[in-house]
Amino acid sequence: MSTQILTLDSHKAGTPPGDLAIWFFIFAELLAFGIFFLAYAFARANNVELFNESQQHLNRESGAINTVVLITSSYFVVRAVAAIREGLSRQCVYWLGAAIGLGGVFLVIKLFEFHAKFSAGISLSTNTFYMFYLSLTIFHFMHVILGMVILAAVMLKAHQGGYTAEHHTGVETGASYWHMVDLLWIILFPLVYVIR
Amino acid sequence: MSQAFTKSMARNIFFGGSAFFFLLLVALTFDTMQVLPKRDHRENITPAVERGKMVWEKNNCIGCHTLLGEGAYYAPELGNVYARRGGGEFIKAWIKSRPAEGTPGNRRQMPQFNLTDQELDDMVAFLKWTGEINTAKWPPNIEG
Amino acid sequence: MQYQSQAVAKPYFIAAIGLFVGQILFGLIMGLQYVMGDFLFPAIPFNVARMVHTNLLIVWLLFGFMGAAYYMIPEESETELFSPKLALLTFWVFLVAGALTIVGYLTVPYATLAKFTFNDLWPTMGREFLEQPLVTKVGIVLVALSMLFNLTMTVLKGRKTSISIVLLMGLWGLAVFFLFSFYNPSNLVLDKYFWWWTVHLWVEGVWELILGSLLAFVLIKVTGVDREIIEKWLYMIIAMVLITGIIGMGHHYYWIGTPEYWQWFGSVFSALEPIPFFMMTVFAFNMVNRRRREHPNKAAVLWALGTGVMAFLGAGVWGFLHTLAPVNFYTHGTQITAAHGHMAFYGAYAMVVMTIISYAMPMLRGRAANSEKSQVLEMWSFWLMTVAMVFITLFLTAAGILQVWLQRVSTEPLGFMAAQDQVTLFYWLREISGVIFLIGLVLYIISFFVKGETKEAA
Amino acid sequence: MHNIENQRSQFIRPCTRVWLGLLALTSVTYGIGRMELGGTQIVMLVLIITFIKGEMVAGFFMGLRNTSLLWRAIMASWLVIVGGGIAIAYLVGLK
């Protein structure tokens, strides 16, 4: 077996990186979010004025900054995977730490956004738009937390030297999940904050 | 070489996923509890309504009827019966007039429950209150 | 049978089948009352018959689950049961309490039963499926706790497998979520909201953990496929069950006064609920196709495959048919619900209990499998009951579609009873299918008494 | 250290470029939102950008571009169905 295959595809050829089980979970989550996205889109079709009007009150800047934050965080996770593929546990831990830190930034920005909405008396029952806005973003928010927990567990194990250049499925598994959280936000942001 | 699909990962997803969605349920339940007073009009739950619910339960009405669509499908929906029958008098007269030995013919039978006048009034109060719950416009029409 | 104490499962299984017969008899009574309204009136009014029908179902399934657990846990843990005596005592307590409750339902008016059992002090009765008097409910909790204590102690002292852990979690969940049945606020909306925490989180939550572990256990035994593979599948299936099913509870919160966002949450997540059932079907067939041995118990294999298919059809497909809020707006509380309920309970829970009984009973009677003749009869009963149930479901679905059309969709809606009169034909057909189901059940019981050449248990 | 050099050129550098590309595309999307642009053409543009971003994350970050066609097809069809559905819903809403 050539070293190239070992480092580039430390998984079975043809299958995605990480544990296959996480990919079942990822696709299940994508399915749930996908249906939710479509539900939003078609609910909007029946209520265009309401959605367009309410959308104006969203904080587009914080949405955009959060997109940048998550994309960058995802990139850091890529670097963490690259590091462990070279057997560099310490670098892997640093990159993961940075990614988790950015996840925290995302949460803080989102909390400010939620705080502004809640103090304006907006809740799930205000109208259909806010029902979707809050449901989708809170649901995603919880996924960010879950992703951070997973990354933290991976980081801890990496810190203890639990991964090597040959055996690091755990890092790839956590990374794949985190990229999914990123991917979801990449769709959520234009859908809820931009399209009108 | 690492294994592609491990039991421990499947187990972690089970525990993590279940905990995650249970937390989401708790969060949604919390919000529901905040909103409910505006939809169930609980300020109108008088002692008569409370007693009426007891009468409803003690006679196992749910064993034949539906209430807001839940129950048995043998007899009519009663969540909107107060509106359908234009008030409580019909309801009371109906319950009172069931023959103990049944009505003749091949009809579905409702037992004679021997309710007191007080119980009948309480039952009507309960059904009236139930009819005022905001059920998102269900049922589709007055027939239930 | 590898451990002496597994024998305590036998009375549980026998009681389960006995109560199953009772359930079907009362089902037939109700079915007849649908078309001949004065049948057995006023001796057994419909609401009493229905209460007996549904309560017997719950109780016999619980007997089946408990028997399965007492059979499986020692074998999985590779140790004798912590206390076989306690398990037997629990059996008799549960049986007597259950029998007394049913006798109570049938002999005195429900209101009288409520009065004598102090329902006024702590009202919990008179809610669908939770009609049991307070003392019976307490009894169920005590029985469950005794079983859980017994099983948990057994697992703690022995080998801890994924199957026994999942089974225990399912049983613990069953006990925990039953506690919501003691909460009965005078506000009907709250009452209904938390009533579902028992009912939904049972049948679309923790019971499926039990279902999964029973199926996994039997599949390991009859196919000889590697435990690692089967347990991996088990975890993925039950993960999907809870991921979709917990928020899927929203499909019960459309029209009972709860906020309208539940229509979205309920629709999205319950639309995904067929996935774990589909996985279960694929799982069962996949494992049987990859089998490493030919187990002599063909009937058990058939039941296991049947569970996979029928659970998917009944719970998955028939559930999906009316789970989306815009559809459910019209179908809520009609015969469509009844159709789904029948096939889902039979396909998922009744069949999995018969799967484990089919596998374990011969073992408990000292042989690997029943005689060829007995198995053929059992398979006949499988097909009769299953096909009959498919027809019951189809006829009820037809009745339901007509009912929805006449009573709710058409521009000049008929009243409830007028609409019911229009669908009488389907109720007759349903009743005939019910009789065939009973014949299947009788054959099933006879199959236990058919003798013939058998092999000793390995 | 042939393999490490290989990994840098085949994994890290492409991903870095993808990251920069994602940032650029995000700023385009944000700019469209900022100017409160609407209308069919703009929305289709936004959706196409989103699709490209999704494929970039899936292919490079998630590593799907090195997998068999099946995996890539599943992910691509998810993106197409969701994006296409949003587009259809938008057109439905124009009426």
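Trainee: Hi! What should I know before I start?
Mentor: It is a predicted model, where local features need pLDDT of at least 70 and side-chain atom pairs count only at pLDDT 80 or more, while totals for chains, interfaces and linings use all residues. Residues are numbered from 1 along each chain as its sequence is written, and chains are lettered from A and ligands numbered from 1 in the order in which they are written.

Trainee: Great. Which chains have the most contacts between them?
Mentor: Of the 4 pairs of chains that touch, chains B and C have the most contacts. Two residues are in contact if their C-beta atoms, placed from the backbone, lie within 7 Å.

Trainee: How many residues does each of those two give?
Mentor: Chain B gives 59 residues and chain C gives 62 residues.

Trainee: And which elements of chain B are on that side?
Mentor: Those giving two or more residues are α1 (7–40), α2 (47–58) and β2 (70–71) of chain B. The most comes from α1(B), with 17 residues. Helices (H or I, at least four residues) and strands (E, at least two) are DSSP runs, numbered from the N terminus.

Trainee: What about the classes of residue there?
Mentor: The side of chain B that touches chain C has 27 nonpolar, 17 polar and 15 charged residues. Here Ala, Val, Leu, Ile, Met, Phe, Trp, Tyr, Cys and Pro count as nonpolar, Asp, Glu, Lys and Arg as charged, and the others, Gly among them, as polar.

Trainee: Where does chain D sit relative to chains B and C?
Mentor: Chain D does not touch chain B, and their nearest C-alpha atoms are 13 Å apart. Chain D does not touch chain C either, with 14 Å between their nearest C-alpha atoms.

Trainee: What is chain D made of?
Mentor: Chain D has 3 helices and 0 strands. Its radius of gyration, taken over C-alpha atoms, is 16 Å, well over the 12 Å that the globule rule (2.2 Å times the number of residues to the power 0.38) gives for 95 residues, so chain D is more spread out than a compact globule. The C-alpha trace of chain D spans about 60 × 30 × 15 Å along its principal axes.

Trainee: How much of chain D is buried?
Mentor: 35% of its 95 residues count as buried, that is, with 20 or more other C-beta atoms, placed from the backbone, within 10 Å of their own.

Trainee: Switching to chain A, what is its secondary structure?
Mentor: Chain A has 7 helices and 0 strands. Of its 196 residues, 52% are buried.

Conventions:
Buried ≥ 20, exposed ≤ 12 C-beta atoms within 10 Å, placed from the backbone.
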